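Please work through the exercises below with the sequence and the model at hand. Each task is followed by a solution in steps.

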Amino acid sequence: MLLAAHQDCKLRSHFFPLGMHGEARARARNPFHPAAIESTMKAIQVSRTGGPEVLQFVDLPTPQPQPNQALVKISAVGVNFVDVYFREGRYPEKLPFTPGQEAAGVVAEVGKDVTSLKPGDRVAYSSVQGSYAQYATVPADRLVRIPDGLDDRSAAAVMLQGMTAHYLLHDSYSLRKGDTALIHAAAGGVGLLLVQMAHHIGARVIATVSTDDKAKLAREAGADDIILYTRQDFEAETKRLTAGKGVDVVYDSVGKDTFFKGLNVLHPRGFMVLFGGSSGAVPPFEPTLLTQKGSLFLTRPSLNHYIITRQELEHRAEAVLGMVASGKLKLRIEHVYPLAQAQQAHRDLEGRKTTGKLLLLPHD
Ligand code: NDP
């Protein structure tokens with residue numbers, strides 16, 4: 001009778017291993033509990049790489065956590081440009097896979113070795129593949145608690161892009177008060193956070209954007225000067241704005257279309273922080289080019305290498321979530337889609353139609 005009831009409710013409690021924690025089992029037996037676990041879930045799956053059309057909305061078995069993992073019932077998924085690289089095959093991934101590197105939700109179940117979390121805890125994470133789904137298994141040491149008072153959508157919106165802005169400004173290059181920074185794609189997800197944080201540090205921010213509407217957003221975020229790089233030559237404009245002196249650092253996520261000109265606007269021994277390739281990858285070049293341009297420094301960093309240890313992840317996540325909770329960092333979450341519309345979300349992101357953060361909602 002009980003098993004039949006479970007099947008009716010599509011709960012998977014009768015599949016649970018013997019070692020499953022009693023509390024999680026109890027939750028799973030209650031179909032009305034918010035963390036009740038269905039045996040199948042909706043997810044996006046990529047079976048071949050390509051355009052947005054390869055993002056297929058499918059039913060998959062709800063995954064079971066390994067001993068060191070937690071099963072997260074996802075309430076909001078962050079969409080990031082890196083998801084495009086994986087979808088296209090620019091970053092390799094074994095097929096088929098569920099894309100997505102960022103989410104927030106509630107712990108539904110924990111593996112037998114997990115002591116730091118329990119079902120019902122509100123958590124967020126980044127940099128673990130598979131978040132375009134209703135559930136995901138995540139190593140427990142990659143999950144951070146969402147502070148009271150901060151909603152899931154905000155947490156999902158800021159984990160990856162916020163921690164990225166944080167390490168880019170504090171660790172890839174240590175931005176100081178009085179520095180001048182050129183920030184490309186300043187009205188994008190990372191861009192709006194970078195501009196705000198750089199402004200708080202006291203740096204002068206020169207921002208590039210493609211449209212007047214995006215210029216307004218970058219200005220509101222704290223940019224001192226705006227360049228419409230689709231209409232103006234950003235190299236000439238940056239030189240003009242700095243009276244020929246050049247900038248201390250360029251934060252370049254656009255890549256192919258901006259990188260080489262960006263080297264021309266750095267003063268000698270300036271820093272090029274190339275952290276993405278929204279327009280395409282930068283082609284190979286001779287290192288002596290950096291000598292010719294003024295003994296420049298170049299880094300091509302990844303967030304993964306700036307949240308290696310649990311301590312570093314906690315420090316960065318707490319800093320960023322704290323800034324959002326206190327209102328110091330403002331989020332722009334204008335583009336929210338049901339999970340089934342992941343294709344449209346990618347089209348909008350790649351089509352330069354979006355500003356700030358894009359979210360997918362898997363239970364809508
Ligand atoms: P964005 O919201 O910034 O979207 C990309 C933006 O890039 C567009 O809105 C557009 O702004 C600009 N852009 C310029 N040229 C193109 C083009 N040809 N096609 C598409 N977009 C273009 O995305 P995210 O905030 O998610 O990511 C920004 C970048 O940061 C990405 O390159 C991503 O890979 C990188 N990143 C790197 C990380 C790292 O650790 N290395 C971590 C997180 C993100 P506009 O219209 O104003 O030109």
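**Exercise 1.** State which residues F271 is in contact with, leaving aside its neighbours within four places in sequence.

*Solution.* Step 1: two residues are in contact if their C-beta atoms, placed from the backbone, lie within 7 Å. Step 2: with neighbours within four places in sequence left aside, the partners of F271 are Y173, D248, V249 and F297. Step 3: F271 belongs to strand β12, residues 266–274; helices (H or I, at least four residues) and strands (E, at least two) are DSSP runs numbered from the N terminus. Step 4: F271 counts as buried because 20 other C-beta atoms lie within 10 Å; the cut-offs are 20 or more for buried, 12 or fewer for exposed, and partly exposed in between, with C-beta atoms placed from the backbone. Step 5: E235 is 36 residues away along the chain, and its C-alpha atom is separated from that of F271 by 16 Å.

The model is predicted: local features need pLDDT of at least 70, side-chain atom pairs count only at pLDDT 80 or more, and totals for chains, interfaces and linings use all residues. Residues are numbered from 1 along each chain as its sequence is written.

**Exercise 2.** Determine whether R176 is buried or exposed.

*Solution.* Step 1: R176 is located in the loop between α4 and β8 (180–183). Step 2: R176 has 10 C-beta neighbours inside 10 Å and therefore counts as exposed. Step 3: between the C-alpha atoms of R176 and R204, 28 residues apart along the chain, the separation is 9.7 Å.

**Exercise 3.** Describe how the protein is divided into domains, and how many residues of each are in contact.

*Solution.* Step 1: the parts are domain 1 (2–159 + 307–361) and domain 2 (176–301), with bounds from an automatic or database domain assignment. Step 2: 10 residues of domain 1 are in contact with 11 residues of domain 2. Step 3: the side of domain 1 that touches domain 2 has two nonpolar, three polar and five charged residues. Here Ala, Val, Leu, Ile, Met, Phe, Trp, Tyr, Cys and Pro count as nonpolar, Asp, Glu, Lys and Arg as charged, and the others, Gly among them, as polar.

**Exercise 4.** Characterise the shell around the ligand by class and by origin.

*Solution.* Step 1: a residue is near a molecule if its C-beta atom, placed from the backbone, lies within 6 Å of it. Step 2: of the 30 residues around the ligand, G188, G189, S210, S253 and G276 come nearest. Step 3: the shell has 12 nonpolar, 14 polar and four charged residues. Step 5: at least two residues each come from α3 (81–88), α4 (152–172), α5 (189–201) and α11 (342–350).

**Exercise 5.** Give the angle at which α3 and α11 pack.

*Solution.* Step 1: axes are lines fitted to C-alpha atoms, for helices over the stretch in contact, and angles run from 0 to 180 degrees between N-to-C directions. Step 2: the angle is about 110 degrees, and the axes are 10 Å apart. Step 3: α3 is therefore roughly perpendicular to α11, a term for angles of 65 to 115 degrees. Step 4: F81, V84 and R87 in α3 meet H346, L349 and E350 in α11. Step 5: the residues of this contact are three nonpolar, one polar and two charged.

Technical notes:
Parallel < 35°, antiparallel > 145°, perpendicular 65-115°, else oblique.
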